[in-house]
Amino acid sequence: MKYSEIEKLYAQAVSTEEMIMFRNDLHMHPEIGGEEHRTVEKICQEMDKLGLEYEHVADTGVVVRIKGNRPGKTIGIRADIDALPIDDESSNPFKSVFPGRNHACGHDIHCTCLVGTAKMLAALKGDFAGNITLLFQPAEESFGGADRMIKDGALENPHVDHVIGFHNSQGYPAGHAEYRYGGMYAGSDGFKIIVHGKSAHAAFPEGSIDPIVTASQIVLACQTIVSRNVSPNDSAVVTFGVIQGGTVQNQIPDSVILRGTCRTLNPNTRELAIKRVREIAQGVCDSYGATLEFERIPSYPPLINSDEVVDVVKQVLVEALGEENVHNCPTPEMGCEDFAYFAAERPSCYYHLGDRPTDREVFGAHNTKYNPDADHAIPYGIKLHTTIALTLAGN
């Protein structure tokens with residue numbers, strides 16, 4: 001289906017003003033992962049108005065299945081709906097009314113665009129090939145709602161062939177988009193290390209097994225994982241974010257806690273990196289006479305886009321926005337994104353939609369003053385979702 005046809009449909013089926021009001025309402029009432037009850041209620045109210053049936057999955061997730069009247073593929077479109085547990089210090093008149101909660105990553109934009117897409121598809125009254133499954137997903141920022149939705153059957157009945165989604169991006173203004181073949185986001189594993197030593201007075205260190213010295217050597221030794229165990233043609237980041245140990249300056253403590261993350265783009269490198277952290281920590285402890293507790297805390301896998309789906313997405317983006325406004329993302333991001341679970345289950349594409357403001361200071365995602373150009377980005381998001389999904393479905 002041509003983007004020009006979608007633009008005409010948008011003019012008939014969607015009110016931009018109403019979509020902006022819907023987004024602003026979500027922004028005023030943000031809910032963190034697993035608690036998106038009001039958000040889900042607002043989504044379902046809109047589906048009821050459109051006469052679309054829906055199913056609740058993963059506690060606070062919603063699946064809407066829209067069937068076409070001709071054979072074709074089934075395409076899933078995902079939008080995460082949760083907020084972050086941080087304050088809203090923006091100057092918006094619609095800033096969060098809840099201290100410590102803020103849509104500072106743009107999931108209110110994602111949710112609004114998917115509601116708008118539902119309006120577009122409902123206006124077609126089934127006159128299209130294939131089926132479209134709308135995936136309103138909870139808990140992207142916390143415990144991986146995508147994985148729970150999949151386990152609850154969100155990609156079945158009918159079987160979803162491909163999944164698409166986007167993240168709003170302040171890398172470009174509204175009207176621009178960015179795609180990437182292959183690895184788009186890193187996978188991540190957390191780890192917790194407890195080094196058990198032997199306490200002693202600082203004046204008599206010979207009677208100790210110093211866990212602070214041991215932990216320090218672990219931190220330093222693990223810096224060689226990226227430089228000496230990972231290929232220069234690959235990417236990985238090993239970061240220690242927490243060191244906790246001791247309570248007074250003149251006492252060697254019994255133990256030290258270390259916490260950190262390994263971020264990788266390749267599944268094999270993912271296993272290698274966490275394995276080497278454990279081996280190095282164990283080796284250092286052995287050499288210093290300390291004992292080790294090690295816990296791996298798995299997080300999201302790498303997000304790998306499918307070339308065949310990216311081909312279609314790129315084609316639609318160029319047709320819709322113009323070649324000069326469509327950008328090839330030069331490098332993958334080392335941040336994580338739980339759309340990766342969908343991409344691991346089905347050939348998928350995740351891309352970036354521009355929303356950088358041009359009339360005010362830019363504050364990046366997860367900033368308390370985050371204030372993207374949602375008003376101009378939302379119409380693009382709705383029209384692109386609809387065009388890409390229908391094109392992949394066979395229209």
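View 1. Cys111 is buried, with a relative accessible area of 1%, and Cys113 is buried with a value of 0%. Buried means under 20% relative accessible area, exposed over 50%, and partly exposed in between (1.4 Å probe, protein chains only). The model is predicted: local features need pLDDT of at least 70 and side-chain atom pairs count only at pLDDT 80 or more, while totals for chains, interfaces and linings use all residues. Residues are numbered from 1 along each chain as its sequence is written, and side-chain values use heavy atoms, with hydrogens and water left out.

View 2. Two packed helices are described by the angle between their axes and the distance between the axes. Helices (H or I, at least four residues) and strands (E, at least two) are DSSP runs, numbered from the N terminus. Axes are lines fitted to C-alpha atoms, for helices over the stretch in contact, and angles run from 0 to 180 degrees between N-to-C directions. Helix 9 (residues 307–321) packs on helix 11 (residues 374–393) at an angle of about 135 degrees, and their axes are 10 Å apart. The two helices are therefore oblique to each other; angles under 35 degrees count as roughly parallel, over 145 as roughly antiparallel, 65 to 115 as roughly perpendicular and the rest as oblique. Among the residues that make the contact are Val309, Val312 and Val313 of helix 9 and Tyr380, Leu384 and Thr387 of helix 11, where contact means heavy atoms within 4.5 Å. By class, this contact has 11 nonpolar, 2 polar and no charged residues. Ala, Val, Leu, Ile, Met, Phe, Trp, Tyr, Cys and Pro count as nonpolar, Asp, Glu, Lys and Arg as charged, and the others, Gly among them, as polar.

**View 3. The crossing of helix 2 and helix 11.** The axes of helix 2 (residues 16–28) and helix 11 come within 10 Å and cross at roughly 115 degrees. That makes helix 2 roughly perpendicular to helix 11. Thr16, Met19, Ile20 and Arg23 of helix 2 meet Ala374, Asp375, Ile378, Pro379 and Ile382 of helix 11. These contact residues divide into 6 nonpolar, 1 polar and 2 charged.

**View 4. Glu337 and its surroundings.** Glu337 is placed in the loop between strand 15 (326–328) and helix 10 (340–345). Glu337 is buried, with a relative accessible area of 2%. Leaving aside residues up to four places away in sequence, Glu337 touches Arg78, Asp80, Glu140, His167, Tyr185, Tyr300, Leu303 and Tyr350. Tyr300 is 37 residues from Glu337 in sequence, and their C-alpha atoms are 6.8 Å apart in space.

View 5. The peptide bond from Asn157 to Pro158 is cis, with omega near 5 degrees. Phi of Asp59 is near 70 degrees, a positive value in a residue other than glycine; Asp59 is exposed, with a relative accessible area of 63%. Phi of Ala139 is near 60 degrees, also positive in a residue other than glycine, but Ala139 counts as buried at 0% relative accessibility.
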